[in-house]
Amino acid sequence: MNLSYRIYYVFLRNLISYKRFIFTTFLVSLGQPFFYLITFGIGMGAYMGAFGGKSYLYFLVPGVLISSVMMSSAFECMYGTFVKMIHEHLYDSLIATPVSAEDSIAGDIAWGTFRGLVSGVLMLVVAIMMGVFPVSIVNLILLLILMVFVGVLFASLSMIVTAFAPNFDFFSYYSELVLTPMLFFSGVFFPLDKFPAWMKVFAQFMPLTHAVNISRAIFLGTYSRELILNFLILFVMEVIAFYAGIKLMKRRLIK
Amino acid sequence: MIGLQSTTPLIAAKNLVKRFGIVTAVDDVSFDIMEGECFGFLGPNGAGKTSTVKMIHCVSPVTSGELMVNGMPANVNNRKIKKMIGLVPQEITLDIDLTVIENLMVFAYFFDIPRKEAKKRIDELLEFVELNNKRDTKIDELSTGMKRRLLIARALLNKPNLIIADEPTTGLDPQARHLIWQRLRQLKRQGVTLILTTQYMEEAEQLCDRIVVMNKGKILKEGEPLKLVESEIGREVVEIRISSDEDEKLIRALSDMSCGHERVGDTLYFYCRDGHSLMKKVVELDIHNVLNRPASLEDVFLKLTGRSLLE
C-alpha cells in the first residue's frame with residue numbers, strides 16, 4: 001500500500017470541481033430519502049402508533065440517515081469514479097505525478113465519504129426541521145462520526161464494483177440487486193423482530209443492518225452490548241473493503 | 001546545463017521487455033538516452049513506443065530487463081522519478097470539470113508546489129504557451145491546439161529535467177503544430193532532455209538528435225535522422241508510376257546506375273546516391289509520370305517497417 005498525504009490533494013481536486021454541481025447534487029441526494037421520510041414517516045407512521053413511546057419518525061430517521069450516507073458514497077464511487085477513470089482519463093494524469101495509484105483511489109474514497117456525509121447532514125437538517133432531534137449534542141457528533149465511518153465502507157465497496165465494471169450498466173446490478181434490497185432487509189423502515197429466523201440471519205450479513213443498529217442507538221441514546229458486535233463486524237468489513245477496493249482498482253489502472 | 005555533454009546516460013535500458021498477458025508489446029530493446037538530447041521513438045501504431053515510454057515515466061511496470069532513469073531503477077512506486085519528469089500525454093487528459101487555471105493549480109498541488117510559487121509559475125507558463133487570455137476558460141471551450149498547449153504548460157509546472165512528449169501534435173493543424181515544435185525546441189535549448197514518440201517523420205526531423213525506429217516491439221535501427229536517411233536510402237529517390245509489366249525491362253536499362261529499387265503497388269522506386277544520371281536515362285527512354293525528390297526519413301521508415309498497410 002503506497003499511501004501518502006497526497007490523498008488530500010485528490011480530495012481537493014474533487015472539491016474544486018464540486019463547486020459547479022453543488023446545488024444539483026444537494027437536490028439529488030435529498031430527493032429519495034426525503035420521500036421516504038414523508039411517505040413512510042408521515043403517511044405510514046399515522047398507522048404505526050408509537051414506537052417505544054416515541055413517534056415512528058424516531059425509528060425511521062436514524063435508518064434513513066444512514067442509508068442516505070450509503071447511497072451517496074456508493075454512487076459517487078461508482079458513477080463518479082468511473083467517469084473520471086474512463087471518460088476523463090483523470091487517473092492517467094494522476095498516476096504520472098508523485099500521486100500514486102493508491103493515493104488516487106483512497107482520495108476518491110475520501111471524496112465519496114464526504115458526499116455521503118453531506119447527504120446525511122442534509123437529512124439530519126430535514127429531520128430536525130420536522131422536530132426529530134438526536135438525544136443530545138454529543139450524540140449528534142457521534143452520529144456524524146458514524147456517517148464518516150459508514151461512508152468509507154460503502155465507498156470502498158463501490159470501488160470493488162468499479163474495478164470490474166465494463167460500462168455503466170454494470171452498476172445497476174449492484175444498485176438494484178444489492179443496495180436497494182439492503183434498504184428493505186436492514187431494519188431501516190421496520191424492526192426485524194417479526195422476520196422469520198433465516199431472514200434474520202441473512203440480515204446479519206448486510207453491513208447496513210449493523211450501521212442502522214448503531215445509528216439508531218446513538219440517535220435515541222439506547223445502548224446495548226450488541227452494539228460492540230455491530231461495530232466490530234462493520235470495522236472488519238471496512239478494512240477488507242478498503243484494502244480490496246484499492247488493490248483491485250490499482251490492478252485496473254496500472255498495466 | 002547548456003552544452004554539457006555528460007557521459008553517463010540519463011536513461012539506460014537493457015533488454016527491456018513489456019508483456020500484457022500473452023502480447024509482447026516491447027520485445028527486448030536496449031538504448032541509452034543522454035542528458036540534453038532529444039531522442040525520438042518512431043514507429044507505426046502498436047510498435048511499442050508508448051509502452052516503452054510508459055515504463056520510463058513509471059506508470060507501467062517493467063516485465064523484465066533493466067531500466068534506469070537518472071540513476072534509479074524505474075518503478076511504479078518511485079515518486080522521485082515522477083517528480084523530475086514532465087509528461088505531455090498522447091490523449092488529452094485535461095480535467096474537463098475545471099478551468100484552465102484550476103487545471104494547473106490542481107496539478108501544482110500534486111507536485112507539492114507551494115501556492116505562491118505555483119501562481120508565479122502558472123503565469124509564466126500561460127505566457128509561454130500563449131494562453132494567458134484563456135485563464136478562466138473551461139476546457140470544453142478550448143480548441144484542440146489550445147488543449148495540447150495547455151498539456152505542455154501542465155507538463156512544465158514541476159520544472160522537469162526530462163520531458164516525455166507522446167505524439168504531442170496528433171490531430172493538429174500546421175500552425176498549432178509549428179507552435180508546439182518551437183516550444184519544444186526552446187525547452188531543449190534550455191538544457192531539458194526530451195523524449196518524443198511520433199508517427200510524423202517531419203516532426204522527428206525537426207526535433208530529434210537521435211531516433212530509433214520501432215516495429216512490433218523491436219528496435220529496427222538507431223541513429224541520427226540525416227545519417228540514417230543517407231545510409232539506408234541514399235540522397236535521392238526516383239519514383240516512377242508505371243505498370244509492373246515494364247519492371248524487368250526498365251530495371252535492366254537502369255542497372256548500371258547503382259541505385260537500389262523496390263516495387264510497391266503502382267510505383268517503382270529507385271534509391272540513389274545521385275539521381276541525376278538516372279533521370280537523364282529516364283528522359284531518354286521517354287518515360288512519363290516520374291518524380292525525383294530528396295530522400296527523407298519517411299523512406300527509411302517505410303523501408304524498415306514495410307510499405308504495406310499495417311493492421
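What share of the contacts in chain B with a separation of 6 or more comes from residues 24 or more positions apart? In this predicted model, the figure is 69%. Buried residues, for their part, account for 41% of the 311 residues in chain B. As for secondary structure, chain B contains eleven helices and 14 strands. Its C-alpha trace spans about 75 × 45 × 40 Å along the principal axes.

Chain B splits into two domains, with domain 1 covering residues 11-229 and domain 2 covering residues 234-294. Between the C-alpha centres of these two domains of chain B there is a distance of 40 Å.

Together β4(B) and β5(B) make a hairpin with two residues between the strands. Asn70(B), in the turn, has a positive phi of about 50 degrees.

Next comes helix α5 of chain B, which runs over residues 144-156 and has 13 residues. From first C-alpha to last, α5(B) reaches 19 Å, close to the 18 Å expected at 1.5 Å a residue. Ten of those 13 residues are buried, so α5(B) is largely enclosed by the rest of the structure. The buried set takes in Lys147(B), Arg148(B) and Arg149(B), then Leu150(B), Leu151(B), Ile152(B) and Ala153(B), and finally Arg154(B), Ala155(B) and Leu156(B). As to what does the covering, the elements of chain B include the helices α3 (100-110), α4 (115-128) and α6 (174-189), along with the strands β6 (85-88) and β7 (162-166).

Finally, there is the contact between the chains, to which chain A brings 22 residues and chain B brings 24. On the side of chain A that touches chain B, the elements giving two or more residues are α1 (7-18) and α4 (90-94) of chain A. Of these, α1(A) gives the most, with five residues. Sorted by class, this side of chain A has ten nonpolar, six polar and six charged residues.

Conventions: Residues numbered from 1 in each chain as written. Chains lettered and ligands numbered in written order. Predicted model: local features only at pLDDT ≥ 70, side-chain atom pairs only at ≥ 80, totals over all residues. Pairing = 2+ DSSP bridges. Helix = DSSP H or I, 4+ residues; strand = E, 2+ residues; numbered from the N terminus. Expected span 1.5 Å × (residues − 1). Buried ≥ 20, exposed ≤ 12 C-beta atoms within 10 Å, placed from the backbone. Contact = placed C-beta atoms within 7 Å. Domains from an automatic or database assignment. Nonpolar A, V, L, I, M, F, W, Y, C, P; charged D, E, K, R; others polar.
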